[in-house]
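I opened this entry to keep track of what I looked up. The notes follow the order in which I worked.

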Amino acid sequence: MEYKEEQEQELEVLQSIYPDELTILNDKYPNISFEISLPLELNQLDDPIIDSLTKTHTLAVQLTLPENYPDETPITSIDCHEEGDEDDENYDDDDDEEEEEDEFDDHGNKIISKLENIPNSISFHEFIPILINDRINNDEYLENEMMVMKGMQMCFTLISSIKEQCENWFLQELQSRELKHEKELELKEKQENAKFVGTKVTRESYLEWRSKFRQEMKLDERDKERRLKAHHGKLTGKQMFEQGVAGTEDDEVDLADQSTDDLTKTVETLEV
C-alpha cells in the first residue's frame with residue numbers, strides 16, 4: 001500500500017466534506033496535519049431547557065497522520081472554543097472559575113436562583129481532558145475501537161465519534177445539573193416553609209415552657225415578694241384580691257379570732 005497516496009486521497013475527501021471547517025496545517029507527507037472546527041449542534045438535543053442556551057460551542061479537532069497511516073491511528077488533539085473565546089488558545093481554567101462566584105444571603109445561605117441558566121453554565125473544558133485521557137490516549141480503547149478500521153480511512157469516523165461523544169456528554173451533564181438544581185430548590189423551599197411551622201404543643205412541652213418562662217421572668221420571686229408585702233405591709237382584702245395575693249392560714253386564724261372577740265363585745269353590750 002502506498003501510504004502517501006492513501007493519505008493525500010483522504011485529505012481531498014475531507015476537504016470536500018468540510019470545505020469551510022478544514023484547515024491544512026501541513027500537506028507534505030509524512031506527518032500530514034490538519035484541523036477541523038465543527039459547531040456542536042447542542043440546540044437540537046432532546047431537552048426543553050436547552051432553549052435557554054445562548055453560548056456557542058465549537059469543537060476543534062487536530063489530526064496528524066503518522067507515516068504508516070492508516071495502519072496506525074492518527075495523532076489527535078482536541079479543544080473546544082466557547083462564546084467568543086475562539087482567539088484564546090491559552091485558556092485558563094482558573095479564569096473560568098473566577099467568572100462565576102456563589103452568592104450568599106445575610107445568614108450565610110447560598111442564594112439559589114430559579115432562573116439560573118443551566119445550559120450556559122456547562123463548559124467543555126471539563127470534559128475534554130476526560131475524553132482525551134479515557135479515549136484518545138487510551139491504548140486499550142484505541143485497540144478495541146480502531147482495530148476494525150485499521151487499514152481503512154478513519155479520520156471522518158473519528159471526527160464524527162468525537163463530536164457525538166461531546167454532544168452526548170453535554171446532554172448528560174445538563175440533565176445531571178438540572179436534577180441537582182431542582183433538588184436544591186426543593187430543599188430551600190422546605191427550609192423556608194419550616195420557618196412558618198410551629199412546634200406542636202403538648203401538655204409536657206407546655207409545662208416545660210411555663211417553668212422556663214417563670215424562671216426567666218422571675219415570677220416566683222415576684223409572687224414571694226408580694227406575699228411578704230401582703231403580710232407585713234397589711235394590704236387590704238381588695239388589694240390582695242386585685243393583685244392575686246392570697247393570705248396565709250395564720251391570717252385566716254387571726255381574722256377568725258378577731259371576729260369572735262367582736263361578737264362577744266356585741267353580746268355584752270346587749271345584756272341588761
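I start with a cut-off: a residue is buried under 20% relative accessible area, exposed over 50%, and partly exposed in between. Glu 192 has 31% relative accessibility, so I log Glu 192 as partly exposed. I keep in mind that this is a predicted model.

**Entry 1**

I stayed with Glu 192 and looked up its partner. The side chain of Glu 192 meets that of Lys 188 in a salt bridge, at 3.8 Å from N to O. Both residues sit in helix α5, and they are separated by about one helical turn because they lie four residues apart.

I then checked Arg 177. Its side chain forms a salt bridge with Glu 173, with an N to O distance of 2.9 Å. Helix α5 covers residues 155-194, and Arg 177 and Glu 173 are four residues apart within it, so about one helical turn separates them. Arg 177 has a relative accessible area of 21%, so I put Arg 177 down as partly exposed.

**Entry 2: helix α6**

Next I moved to α6. Glu 208 and Lys 212 make a salt bridge through their side chains, 3.4 Å from N to O. The two are four residues apart in helix α6, so the separation is about one helical turn. Is each end buried, exposed or in between? Glu 208 is partly exposed, because its relative accessibility is 45%. Lys 212 is also partly exposed, with a relative accessible area of 44%. Elsewhere, salt bridges with shared partners link Glu 41, Lys 163 and Glu 167 into one network. My count of salt bridges comes to nine.

I also looked for nonpolar surface here. Val 201, Tyr 206, Leu 207, Trp 209, Phe 213 and Met 217 make a nonpolar surface patch of about 620 Å². I placed Tyr 206 in helix α6, which spans residues 203-217. Tyr 206 is partly exposed, because its relative accessibility is 41%.

**Entry 3: strand β3 and its partners**

How many residues of strand β3 are buried? I find seven of its eight, over residues 57-64, so I note the strand as mostly covered. On pairing, β3 and strand β2 (residues 33-39) run antiparallel and are joined by seven bridges. I note that Phe 34 stands opposite Leu 63 in β3. Strand β4 (residues 75-82) pairs with β3 too, in the antiparallel sense, over eight bridges. There, Ala 60 is opposite Asp 79 in β4.

**Entry 4: the nonpolar core**

Which members of the largest nonpolar core touch the most other members? I list Phe 34, Phe 124, Ile 162, Cys 166 and Phe 170, out of 37 residues in that core. At least two core residues come from each of α1 (3-17), β2, β3, β4, α3 (128-136) and α5. Helix α5 gives the largest share, nine residues. Another general note: nonpolar side chains tend to be buried together in soluble globular proteins.

I finished with the contacts of Phe 124. I left aside its neighbours within four places in sequence. Phe 124 is then in contact with Leu 40, Leu 42, His 57, Cys 80, Glu 82, Cys 166, Trp 169 and Phe 170. Of these contacts, Cys 166 and Phe 170 are already in my core list above.

Terms used: Residues numbered from 1 in each chain as written. Predicted model: local features only at pLDDT ≥ 70, side-chain atom pairs only at ≥ 80, totals over all residues. Heavy atoms only, no water. Patch = residues over 30% accessible without salt bridge, like charges linked within 9 Å, V, L, I, M, F, W, Y side chains within 5 Å. Areas by Shrake-Rupley, 256 points an atom, 1.4 Å probe, with all protein chains shown as cover. Salt bridge = Lys/Arg side-chain N within 4 Å of Asp/Glu carboxyl O. Buried < 20%, exposed > 50% of the residue type's maximum accessible area, 1.4 Å probe, protein only. Pairing = 2+ DSSP bridges. Core = buried A, V, L, I, M, F, W, Y, C linked by side-chain atoms within 4.5 Å. Contact = heavy atoms within 4.5 Å.
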